[in-house]
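Visitor: I am new to this structure and would like to know what the words used for it rest on. Please show it to me before I ask.

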Amino acid sequence: MSTMKLSQEKLSLIEEFGVFHEQNGMQPAAGRVIALLFISDNVELTFEEIYETLHMSKSAASNAINFLLSTNRIEYITKPGERRRYFRVKAQNITDVIQRSLTGMNGFNTMLKKVLEHRPAHTKDFNNRLKEVTQFMDFLHAELPVLFQKWEQRKK
């Protein structure tokens with residue numbers, strides 16, 4: 001496989017999208033890989049296409065791909081008669097994404113509530129801000145399913 005030819009605009013968008021992922025806690029190489037998978041004209045790319053196009057070492061590309069696979073952001077398929085794997089962005093059902101987000105938020109909210117139980121009284125302003133965060137997260141937990149139902153009705 002040879003390196004894919006991408007326009008300067010697409011290369012810039014990959015970099016911008018990669019930086020966005022970095023700013024949200026993703027490893028730089030993983031951010032670039034998932035950005036390429038979103039932006040490439042081909043929705044399925046081989047390992048070679050990924051590391052060659054991004055000018056990455058095989059090791060960096062392999063680590064990035066393994067991270068993205070383990071965090072369920074990408075998946076791979078194989079094609080009959082071929083040994084190579086083709087990587088693509090995992091197309092997730094919106095209900096799965098929302099459920100995973102709610103589960104994560106609820107876990108974080110539960111931890112914050114436990115933290116509040118152990119906060120000293122003399123840090124009243126900080127404690128009140130934490131309490132407000134937990135109350136907002138409780139509000140989101142109650143309202144997001146309603147919003148999701150409205151979204152599903154609007155799509156019909």
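Visitor: Which residue in β3 does Glu75 stand opposite?

Guide: Glu75 stands opposite Arg88 in β3. This is a predicted model, in which local features need pLDDT of at least 70 and side-chain atom pairs count only at pLDDT 80 or more, while totals for chains, interfaces and linings use all residues. Residues are numbered from 1 along each chain as its sequence is written, and side-chain values use heavy atoms, with hydrogens and water left out.

Visitor: How do you know that β2 and β3 pair?

Guide: Two strands pair if DSSP finds at least two bridges between them. β2 and β3 (residues 85-89) have five bridges in the antiparallel sense, so they meet the definition.

Visitor: What makes β1 and β2 edge strands?

Guide: The open sheet has three strands in the order β1-β3-β2, with antiparallel pairing. β1 (45-46) and β2 (74-78) each have a single partner strand, so one side of each has no neighbour in the sheet.

Visitor: What counts as a helix or a strand here, and how many of them does the protein chain have?

Guide: Both are DSSP runs numbered from the N terminus: a helix is H or I over at least four residues, a strand is E over at least two. The protein chain has six helices and three strands, and their pattern along the sequence is α-α-β-α-α-β-β-α-α.

Visitor: Why is Asn109 called buried?

Guide: Buried means under 20% relative accessible area, exposed over 50%, and partly exposed in between (1.4 Å probe, protein chains only). Asn109, which lies in helix α5, has 4% relative accessibility and therefore counts as buried. Leaving aside residues up to four places away in sequence, Asn109 touches Thr134, Met137 and Asp138; a contact means heavy atoms within 4.5 Å.

Visitor: Why does Thr110 count as partly exposed?

Guide: Thr110 is also found in helix α5 (residues 94-117). Its relative accessibility is 40%, so Thr110 counts as partly exposed. For the protein chain, 26% of the 156 residues count as buried.

Visitor: What radius of gyration does the protein chain have, and what would a compact globule have?

Guide: The protein chain has 21 Å, whereas a compact globule of 156 residues would have a value near 15 Å. The radius is taken over C-alpha atoms, and the globule rule is 2.2 Å times the number of residues to the power 0.38. The C-alpha atoms fill a box of roughly 65 × 45 × 30 Å along the principal axes.
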